[in-house]
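Trainee: I'm new to this one. Could you walk me through it?

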Amino acid sequence: EEFQLHELAIEDAHRAHQRPKLETYEDTLFIVLRTAHMNEERREIDFGETHLFLGRNFVVSIRHGSTRSYAEVRTRCESTPHLLKKGPGFALYAVMDAVVDQYFPVVDALEEELQIVEEKIFGERSSRETTEQIYHLKRQLVELKRAISPLIDICNRLMRFDIDVIPEDTRPYFRDVYDHAIRINEMTDSARELLATALEANFSLISIAQSSAMLRPAIFEE
């Protein structure tokens, strides 16, 4: 009521498991971002969500399933008052920039896992465990792709001139987020291609091993 937020956007903000998106409600933007960080114990990506309402003089953020706060982002913004005075548009950029930067160590960790799998395929005897690792990595890369790809379109829209809530002098900042999103997207695509090649190589080596076992002559003793 205080910020005159649209009831449909509020309904979305109450629910997690939203896809990344940007929606406009008169003079308010509603943005959904997916956060990610690598869980070192389980070697899996922990995904969360941040929902943002942006108006001409406010930013409201709601976090789902994320243990990381935006205290550092707020401190960074407050330490650059000459930029913060640009208004809510710069605050939105700061949050989006922090979210996208979290993806780089996640992709690095997945690339390390992929390298380990490749070493197992070509350095040891291929096994069912290796195949399971490949599919596990594949699922994580698919989820990462679903999280990062929509950000490219979101940034494109924020840089356009048809969204009056974002001041003209703030729009160039979203190009930085856009460039980072493009890089992460390309890194994810490259990792998926390498993973597909690794999967084919693993199947080929398993097939060769099975064929060799079938052709091995049997020796009988009297």
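Trainee: For contacts in the protein chain with a separation of 6 or more, what share comes from residues 24 or more positions apart?

Mentor: Keep in mind that this is a predicted model. Take the contacts in the protein chain with a separation of 6 or more, then pick out those between residues 24 or more positions apart. Their share is 64%.

Trainee: Okay, and in what order do the elements run from the N terminus?

Mentor: The protein chain has seven helices and four strands. Reading from the N terminus on, the order is α-β-β-β-β-α-α-α-α-α-α.

Trainee: Let's zoom in, then. Is T170 buried or exposed?

Mentor: You'll find T170 in the loop between α6 and α7 (171-215). Leaving out residues up to four places away in sequence, T170 touches K86, G89 and F90. Its relative accessibility is 0%, and the cut-off is under 20%, so T170 counts as buried.

Trainee: On to the helices. Are α5 and α6 roughly parallel or roughly antiparallel?

Mentor: Two packed helices are described by the angle between their axes and the distance between the axes. Here helix α5 (residues 103-123) and helix α6 (residues 128-159) have axes that come within 11 Å and cross at roughly 155°. Angles over 145 degrees get one particular label, so α5 and α6 are roughly antiparallel.

Trainee: What kinds of residues make up the contact of α5 with α6?

Mentor: On the α5 side, the residues include V106, L110, L114 and V117, along with E113 and K120. They meet residues of α6, among them I134, L137, L141 and L144, plus Q133 and Q140. Sorted by type, the residues of this contact come to 14 nonpolar, three polar and three charged.

Trainee: And which hand does the crossing of α5 and α6 have?

Mentor: Look at how α5 passes α6: the crossing is left-handed.

Trainee: Last one: how is α4 oriented relative to α5?

Mentor: The axes of helix α4 (residues 88-101) and α5 come within 5 Å and cross at roughly 10°. V99, V100 and D101 of α4 make the contact with Y103, F104 and P105 of α5, a group of five nonpolar, no polar and one charged. Since the angle is under 35 degrees, α4 and α5 are roughly parallel.

Methods:
Residues numbered from 1 in each chain as written. Predicted model: local features only at pLDDT ≥ 70, side-chain atom pairs only at ≥ 80, totals over all residues. Heavy atoms only, no water. Axes fitted to C-alpha atoms, helices over the stretch in contact; angles between N-to-C directions. Helix = DSSP H or I, 4+ residues; strand = E, 2+ residues; numbered from the N terminus. Parallel < 35°, antiparallel > 145°, perpendicular 65-115°, else oblique. Left-handed = near helix turned anticlockwise from the far one by under 90°. Contact = heavy atoms within 4.5 Å. Nonpolar A, V, L, I, M, F, W, Y, C, P; charged D, E, K, R; others polar. Buried < 20%, exposed > 50% of the residue type's maximum accessible area, 1.4 Å probe, protein only.
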